[in-house]
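The sequence and the structure come first.

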Amino acid sequence: MKAIVIGAHLLRDDIEPVAAAVGVGDLYLSTLEVPDDQPLGDRELLVKVAGLRGRLLDVATFVAIRYGFALSTPDDALAKCAPHLARWKRILTAHREHVEMTLKVVASSTLSRPDRHDFTSGAGYLRALHAARQAADVDPQFREAAERVLVPLAVRNHWQHRDEKSVELALLVPRDRLDDVKAAGEELRRTNPEIPFLLSGPWPLEVFADADRE
Amino acid sequence: MTDVDLEELPLLETLDHLLDRGVIIAGEAVISIGDVDLLYLGLNVVLANVDAIIRTSQPKK
């Protein structure tokens, strides 16, 4: 068996009985055991892990681990997570009452996605992909409106390029302001009906678990 | 947004977060060409799309 890691948590009680807990230093990893030969790309497994993420977030905020990290032994967990543990503990303690919300906005200006066949090297193609993503931008008036209604509700915010067609505002918000964030999203939709966007969440600590955005 | 059934949006968004967000544990080995970090080594990121791999491979500013 192998254990798919879902997140890093402050307390064992934040995980059990929703998922299995594996201790790593002062923290705990939430995991789901699957057979060794279970393909990680299986759709049902993806949906199951996504569901567990949601249920775990209902209990307490955690640091999300990118899907695909699987453990063979508890020692394996400690070896791979040791460099992160002190920072995770600091983040989890500071943001126990916070969750993330994301506002994904269709870009108003874009570069078309490069065609692989136009490039003689893989590196050139990857650079062009990156350039196309960075060129995506949000309508300035919408950006201003989004910042006016959403940012005051957040303790942290960060605009980031997602792909060549969309830009995203990530918000770290107190759990007790979630209804206010959703109401602000509705106001944004009313006042900017021509701009397609998706306000979603709550999510665990994903963007703000990054060392650069603590 | 792309033309999808609205009922599928929450699932798509959830899977997007599952596959494309969060801390990457494995895959610290990075293949670089010139001054551009291109690819993580390791099976744990094969489910991420190419853009995600590039993004996570960018040098921290």
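## Basis of the description

The model is predicted, and local features are given only at pLDDT of at least 70, side-chain atom pairs only at pLDDT 80 or more, while totals for chains, interfaces and linings use all residues. Residues are numbered from 1 along each chain as its sequence is written, and chains are lettered from A and ligands numbered from 1 in the order in which they are written.

## The two chains

Chain A contains six helices and nine strands; helices (H or I, at least four residues) and strands (E, at least two) are DSSP runs, numbered from the N terminus. Its C-alpha trace spans about 50 × 50 × 30 Å along the principal axes. Of the 214 residues in chain A, 39% are buried. A residue counts as buried if 20 or more other C-beta atoms lie within 10 Å of its own, as exposed if 12 or fewer do, and as partly exposed in between, with C-beta atoms placed from the backbone. Among the contacts in chain A with a separation of 6 or more, 75% are between residues 24 or more positions apart. A contact here means that the C-beta atoms of two residues, placed from the backbone, lie within 7 Å.

Chain B has two helices and two strands, in the order α-β-β-α along the sequence. Buried residues make up 23% of its 61 residues. In chain B, 18% of the contacts between residues at least 6 apart in sequence join residues at least 24 apart.

## Domains of chain A

Chain A is assigned domain 1 (2-92) and domain 2 (98-213), with bounds that come from an automatic or database domain assignment. The centres of the two domains, taken over C-alpha atoms, are 26 Å apart. Nine residues of domain 1 of chain A contact eight residues of domain 2 of chain A.

On the domain 1 side of this contact, helix H1 (43-59), strand S4 (63-64) and helix H3 (85-94) of chain A each supply at least two residues. By type, the residues on that side are five nonpolar, two polar and two charged. For this count Ala, Val, Leu, Ile, Met, Phe, Trp, Tyr, Cys and Pro are nonpolar, Asp, Glu, Lys and Arg are charged, and the others, Gly among them, are polar.

## The nonpolar core

The largest nonpolar core has 59 residues, and those with the most contacts inside it are A:Val5, A:Val63, A:Ile65, A:Leu150 and A:Leu171. Such a core is a set of buried Ala, Val, Leu, Ile, Met, Phe, Trp, Tyr and Cys residues joined through C-beta atoms within 7 Å. Strand S8 (residues 166-174) of chain A gives the largest share of this core, six residues. The core lies between domain 1 (2-92) and domain 2 (98-213) of chain A, because both give residues to it.

Apart from neighbours within four places in sequence, A:Leu150 contacts A:Leu103, A:Leu169, A:Leu171, A:Val181 and A:Ala184.

## Strand S8 and its partners

In S8(A), eight of the nine residues are buried. Strand S6 (residues 98-106) of chain A pairs with S8(A) in the antiparallel sense over nine bridges; pairing requires that DSSP finds at least two bridges between two strands. Strand S7 (residues 156-161) of chain A also runs antiparallel to S8(A), joined to it by six bridges. A hairpin through four residues joins S7(A) to S8(A).

A:Leu171 in S8(A) is the bridge partner of A:Met101, and A:Asn157 also stands opposite A:Leu171.

## Cis peptide bonds

Most peptide bonds are trans. The bond from A:Glu16 to A:Pro17 is cis, with omega near 10°. A:Pro17 sits in the loop between strand S1 (2-9) and strand S2 (20-24) of chain A. The bond from A:Gly201 to A:Pro202 is also cis, with omega near 5°, and A:Pro202 belongs to strand S9 (residues 197-203) of chain A.

## Two further residues

Is A:Gly68 buried or exposed? A:Gly68 is buried, because 23 other C-beta atoms lie within 10 Å. A:Gly68 is placed in the loop between S4 and strand S5 (70-71) of chain A. A:Gly68 and A:Arg190 are 122 residues apart in sequence, and their C-alpha atoms are 39 Å apart.

A:Arg127 is in helix H4 (residues 122-135) of chain A. With 18 other C-beta atoms within 10 Å, A:Arg127 is partly exposed.
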